[in-house]
Amino acid sequence: ASKLLRGVVDIGVNLTDPVYQGVYYKKKHHPPDLDRVLERATQSGLTQLIITGGSLSESIEALQLANTSDMLYSTVGCHPTRCLEFENGKEGPGAYLDGLRSLILSNRECGKVVAVGETGLDFDRLNFCPKEVQMKHFEPQVLLSIELGLPLFLHCRNAFNEFYAVMKKHVSSCHGGVVHSFTGALEEAIAFTELGLYIGINGCSLKTEENVKVVSEIPLDKIMVETDAPWCEVRQSHASYQFVKSEFPAVKKE
């Protein structure tokens with residue numbers, strides 16, 4: 001049997017996703033199994049998991065879940081592809097940002113909010129949210145993290161120049177952060193680390209031979225690990241699969 005990893009933190013998990021309640025594509029397939037997932041995580045050596053907040057409502061749900069276990073923590077923020085929520089609220093963008101701020105402040109004493117995010121820019125999926133709307137609501141969340149003394153949980157897809165410009169502008173005031181689920185070039189990773197940011201690695205970061213080469217050249221002390229569960233596992237089709245040593249029993253669909 002392989003040795004268990006000790007003291008490992010999964011910096012990004014989507015535990016509010018319906019699949020943990022047994023719901024796939026809006027159809028119930030099995031009873032909720034999140035307790036079993038967390039049990040297996042503990043058995044594998046994980047000590048903390050950080051639940052990603054992708055919107056105001058999802059951040060509220062993530063915090064409710066985080067408060068059920070000593071091993072769970074949460075981020076609070078709005079994902080770039082969901083930034084239309086700032087615009088569509090009845091009380092306007094300012095009220096939405098105030099909602100994020102209030103949620104963080106009301107949970108400050110319990111220590112469950114560990115970062116602002118997920119926030120950033122995603123120009124690969126402009127069908128979900130236009131570029132100008134993403135740009136409009138990224139920087140205010142960076143400023144919110146500075147105001148509240150929290151690091152950032154960041155997202156950057158096909159938006160390096162614009163993303164880097166915002167982060168460079170505020171680097172002297174930021175409290176650190178991680179560019180999660182990184183899939184970019186080595187030059188981009190190095191540029192981020194030179195700003196004091198960490199690089200989050202999951203299965204999506206390790207799909208191709210080029211991805212694997214990039215990750216292999218990032219300094220180990222600048223890498224953070226994540227699963228982005230239930231989405232970004234290392235799959236058999238990935239170039240990195242040859243390096244996977246762990247094996248878990250699978251249950252075939254009936």
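This is a predicted model: local features need pLDDT of at least 70, side-chain atom pairs count only at pLDDT 80 or more; totals for chains, interfaces and linings use all residues.
I take buried as under 20% relative accessible area, exposed as over 50% and partly exposed as in between, with a 1.4 Å probe and protein chains only. I number residues from 1 along each chain as its sequence is written, and side-chain values use heavy atoms, with hydrogens and water left out.

**Val244.** I looked up Val244 in the segment after β10 (223-225), and because its relative accessibility is 37%, Val244 counts as partly exposed.

**Leu121.** I then turned to strand β6 (residues 113-122), where Leu121 lies; strands here are DSSP runs (E, at least two residues), and helices are runs of H or I of at least four residues, numbered from the N terminus. Leu121 has a relative accessible area of 0% and is therefore buried. Among the residues in contact with Leu121, leaving aside those up to four places away in sequence, I noted Pro80, Phe138, Cys156 and Phe163, contact meaning heavy atoms within 4.5 Å. Cys156 stands 35 residues from Leu121 along the chain, yet their C-alpha atoms are separated by 5.1 Å.

**Strand β1.** I found strand β1 (residues 8-13) largely enclosed by the rest of the structure, because 5 of its 6 residues are buried. Its pairing with strand β4 (residues 46-51) is parallel and runs over 4 bridges, where pairing requires that DSSP finds at least two bridges between the strands. For Val9 I recorded Gln48 as the bridge partner in β4.
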